[in-house]
Amino acid sequence: MRRAIMICLSVIVGGLSSAQAAEPATREPSAREPSEPYGIALEGFAYPYPVHLLPLVNDGEQVRMAYMDVAPAQPNGRSVVLLHGRNFPSSYWAAVIKALSEAGYRVVVPDQIGFGKSSKPQGDLHFDTLARNTIALLDRLQIAKADIVAHSLGSMLGVRIARAYPERIAHLVLTAPIGLEDYRLYVPPTPTERILENEDKLTAEAYRKQLETNYALKLPPEQVTPFIDARFNVKGSAEYPRWLRAFVSSAQMIYREPVVHEIPLITQPTLFVMGADDHNAPGRANAPEALRAKMGQNAELAKTLAAKMPNGRAEVIPNTGHLVFLEAPDKYRELVLGFLAVAP
């Protein structure tokens, strides 16, 4: 009954919607009973706010973009768009959504096409296409100008949006961004089929270790488990091969479509929020051993890039890794709200 009520409410409020499901378990995988597999649009994985769907056409294919649209109790007249990373559903923004909403911001939180509760396309992913989709969502919601707060891969997309649609973006916050270097300078091209094979062989335990190592996580295991669930409970879906191809396409997009050369050209006020221990560098394992140590010096890269920008600034939070807004929530909230409060 509750599920039916949630579906009806979301349809009334936002037109198209996706069902809100039971809260995913947060215990260790070995301690949980087997559960029904998630769908490739994360059916069965709960989000903190109602989810709506925007119909789009990408490269001739009909797709639907999932998003949350959270209205503040006391609006300040401004809107913030949150852009997620590659390995995370946008539900992980819950605490940031709450902080921004309490400060008066309307908060729009899309799952990009290929991710989360959005469609998994047949074709390749491209930052330009994702940027157009995000602007189409702002148009649908009648938001003329917004601030962007982005994380990881989402920061690469945020750079592309700020460059392609400068009149639509007021402030840009890049949280533990990847793409601060051109990975093609270190990593040779990797065939898609090889990446597909490697990802398909990955186990949940190995994935957890990968996240903890690559992202220098400072989170308790139970806080990481939902990310493992969102990645591995999809494997039981009949459409898992389609999900996997979209996931691998996002890795190729990161490699093939660098944005670092555009960052010094951004004119909007830009804040880099970096974890001091975050040395994430996609593809490092495929680079020649002699080059690997040179990759992922992210805090220093951010400082260097900020110094080249007309209005850039970099803040480094000690003892934090890639999920800086979950590892140091109070400091992150202070930095972001203070930065957004200053008129551009």
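The model is a predicted one, with local features taken only at pLDDT of at least 70 and side-chain atom pairs only at pLDDT 80 or more, while totals for chains, interfaces and linings use all residues. Residues are numbered from 1 along each chain as its sequence is written, and side-chain values use heavy atoms, with hydrogens and water left out.

Helices come up a lot below, and here they are DSSP runs (H or I, at least four residues) numbered from the N terminus, strands being E runs of at least two. Two packed helices are described by the angle between their axes and the distance between the axes. The axes are lines fitted to C-alpha atoms, for helices over the stretch in contact, with angles from 0 to 180 degrees between N-to-C directions. An angle under 35 degrees counts as roughly parallel, over 145 as roughly antiparallel, 65 to 115 as roughly perpendicular, and the rest as oblique.

Take α3 (residues 127-140) and α4 (residues 153-164) to begin with: their axes come within 9 Å and cross at roughly 75°. The two helices are therefore roughly perpendicular to each other. On the α3 side of the contact (heavy atoms within 4.5 Å) sit Phe127, Asp128, Leu130, Ala131, Thr134 and Ile135, and these meet Leu153, Met156, Leu157, Arg160 and Ile161 in α4. Sorted by class, that makes eight nonpolar, one polar and two charged residues. Nonpolar here covers Ala, Val, Leu, Ile, Met, Phe, Trp, Tyr, Cys and Pro, charged covers Asp, Glu, Lys and Arg, and the others, Gly among them, are polar.

Next come α6 (residues 204-214) and α7, whose axes come within 10 Å and cross at roughly 125°. That angle makes α6 oblique to α7. Ala204, Tyr207, Arg208 and Leu211 of α6 make the contact, together with α7 residues including Pro221, Val224, Phe227 and Ile228.

Now for the spaces. On a 1 Å grid over the protein atoms alone, a pocket is an open set of points with protein on both sides within 12 Å along at least five of seven lines, a cavity is a set where a 1.4 Å probe fits but cannot get out, and lining residues have an atom within 4 Å of a point. Points are joined across faces, edges and corners, and a volume is the space filled by probe spheres set on them.

The largest pocket has a volume of about 870 Å³. Among its 31 lining residues, Arg86, Glu199, Pro282, Gly283 and Asn286 are the closest to its centre. Two or more lining residues come from each of α5 (192-201), α6 and α8, with α8 giving the largest share, five residues. The lining holds 17 nonpolar, 10 polar and four charged residues.

The largest cavity holds about 190 Å³. Its lining has 18 residues, and Arg86, Asn87, Gly116, Ala230 and Trp243 are the closest to its centre. Both α7 (221-232) and α8 (240-256) give two or more residues to this lining, and the largest share, three residues, comes from α7.
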